[in-house]
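Student: I am new to this structure. Please take me through it closely, one piece at a time.

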Amino acid sequence: MVTTLIDSRRAWNIAAQVPDPEMPMLTLADLGVLRGVEIGADGTVVASLTPTYSGCPAMAEMRAEVSARLRDAGFARVEIRTVLDPPWTTDWITPEGRRSLAEHGIAPPGAAPRGPLTLTLSPTRRTVSCPRCGATDTEETSHFAATSCKALWRCRACREPFEYVKEI
Amino acid sequence: MSDDHVYLSLAEGHDDSDARWAFGTGFEDPLHGVDETVPEGTDSAQLASYCLALGDDALVSAQRLAQWCTAAPELEEEVALANIGLDLLGQTRLLYARAGQVDGTGRGEDAYAYFRDADDFRNVRLAELPNGDFAFSLTRLLVLSSWRLAVFERLAVTTPDPVLAAIAAKGVKELAYHRQYAAEWVVRLGDGTEESQRRMKDALAAIAPYVDELFAGDENELFAGAGELRSEVLAVLRQVTDAAGLVLPEPTPVPGHGRDGDHTDHLAPLLAELQSVARAHPEATW
């Protein structure tokens with residue numbers, strides 16, 4: 001079987017457009033969990049996915065959906081590979097993904113932490129802009145929220161609560 | 001694309017069997033497609049048992065954290081504890097999957113989680129103690145997350161097995177959030193009311209005898225740096241207890257070690273609940 005560059009592009013585009021099951025305003029490409037799509041010599045499409053958090057239950061849905069859409073598009077043999085290294089960080093979320101999050105009322109993450117993980121007990125002042133009114137007078141209400149990747153915040157200016165994709 | 005469409009498409013059944021995530025659904029391999037090769041010179045049996053021990057710590061901790069659902073003092077804390085439990089459950093799945101790849105049995109994660117008895121579990125005993133009050137649970141979370149973070153930071157850079165190293169590198173980021181959350185609560189409660197301070201002192205006294213166990217038994221070829229682990233973790237704990245106006249008592253260690261399968265009476269009932277559905281319907285699929 002002769003695979004062409006066009007097939008590879010097409011396979012990538014199909015996998016890349018699969019929405020994240022928990023934040024459907026993001027595609028898997030926007031989220032940065034689709035590490036690659038290649039077509040092997042025997043015509044098998046190999047899509048590589050990396051999990052966001054170790055326990056993210058959406059991983060199984062992502063695998064199933066990427067696999068199903070590629071098959072629906074006529075690729076008979078599809079293989080999904082899990083890639084753990086390098087680990088995903090929020091820095092993998094694309095600029096397009098960040099815009100889409102903000103448009104849907106979710107504050108995008110800042111730069112992921114680097115270097116040694118020291119424990120800081122003094123309150124950390126992080127500036128997160130309200131995705132609704134743009135004010136920076138905001139506060140965290142909980143480190144943890146409806147999905148592993150988000151924290152709960154509220155805006156003191158417009159009084160709206162909002163979610164924030166926390167840096168990891 | 002509308003959100004409706006997304007959820008509809010997820011609800012549709014797909015023909016392929018690599019679909020859903022629950023016991024009995026056939027989705028059993030969180031390491032699917034990862035290169036399984038064990039590096040030359042690495043003892044497979046040791047690697048498997050170390051992955052199991054680290055997985056058991058996380059599974060038992062996750063089960064205890066899940067027991068706070070509907071019982072936490074505030075909804076936000078319940079969500080936090082459940083999220084932390086979910087991270088640990090994810091780490092468990094990866095570690096069990098790695099153990100199954102290298103121990104020669106080809107067992108999946110369900111075999112380890114549901115079909116082993118308490119004697120076969122290798123978790124540290126601190127993880128299995130009952131939740132007690134919020135002070136006890138959060139103090140335990142501080143101790144266990146500080147220790148596990150320090151262990152994983154080392155594993156991520158020193159262990160010869162690339163899969164274990166990658167699992168650890170991923171877990172480090174999660175554990176840093178767990179430790180931060182627990183530390184803030186320990187300070188808040190220690191530095192809070194007379195009642196909260198009394199409870200924190202009781203929690204530290206109850207936990208101290210089980211701290212020594214964390215630093216014994218992890219000396220193996222896969223884990224370099226066990227020597228400095230104790231002083232590093234104790235320094236972090238002291239940083240928190242100092243800020244909270246508390247003191248971690250000098251412990252009198254309780255004899256025995258969970259890593260040898262030597263457990264308290266609390267593990268078996270925890271496992272009985274965790275394993276009940278899988279054992280009642282061992283061949284179930286849905």
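Tutor: Start where the chains meet: 32 residues of chain A are in contact with 47 residues of chain B (C-beta atoms, placed from the backbone, within 7 Å). The model is predicted: local features need pLDDT of at least 70, side-chain atom pairs count only at pLDDT 80 or more, and totals for chains, interfaces and linings use all residues. Residues are numbered from 1 along each chain as its sequence is written, while chains are lettered from A and ligands numbered from 1 in the order in which they are written.

On chain A, helix 3 (58-72), strand 3 (78-82) and strand 5 (138-142) each give two or more residues to the side that touches chain B. Helices (H or I, at least four residues) and strands (E, at least two) are DSSP runs, numbered from the N terminus. Helix 3 of chain A gives the most, with seven residues. This side of chain A holds 18 nonpolar, eight polar and six charged residues. Here Ala, Val, Leu, Ile, Met, Phe, Trp, Tyr, Cys and Pro are nonpolar, Asp, Glu, Lys and Arg charged, and the others, Gly among them, polar.

Now the sheet. In chain A, three strands form an open sheet in the order 1-2-3, with mixed pairing (at least two DSSP bridges between two strands). Strand 1 (34-39) and strand 3 of chain A are at the edges with a single partner strand each, so one side of each has no neighbour in the sheet. On average, neighbouring strands of this sheet are turned by 15 degrees against each other, direction ignored. Strand 2 (residues 45-49) of chain A runs parallel to strand 3 of chain A, paired over five bridges. Ala47(A) stands opposite Ile80(A) in strand 3 of chain A.

Helix 1 (residues 5-16) of chain A touches strand 1 and strand 2 of chain A. The direction of helix 1 makes about 145 degrees with that of strand 1 of chain A. Angles run from 0 to 180 degrees between N-to-C directions, with axes fitted to C-alpha atoms, for helices over the stretch in contact. Helix 3 of chain A touches strand 2 and strand 3 of chain A. The direction of helix 3 makes about 155 degrees with that of strand 3 of chain A. So much for helix 3 of chain A: it packs on the sheet, and it also gives the most residues to the side that touches chain B.

Note on methods. Contact = placed C-beta atoms within 7 Å.
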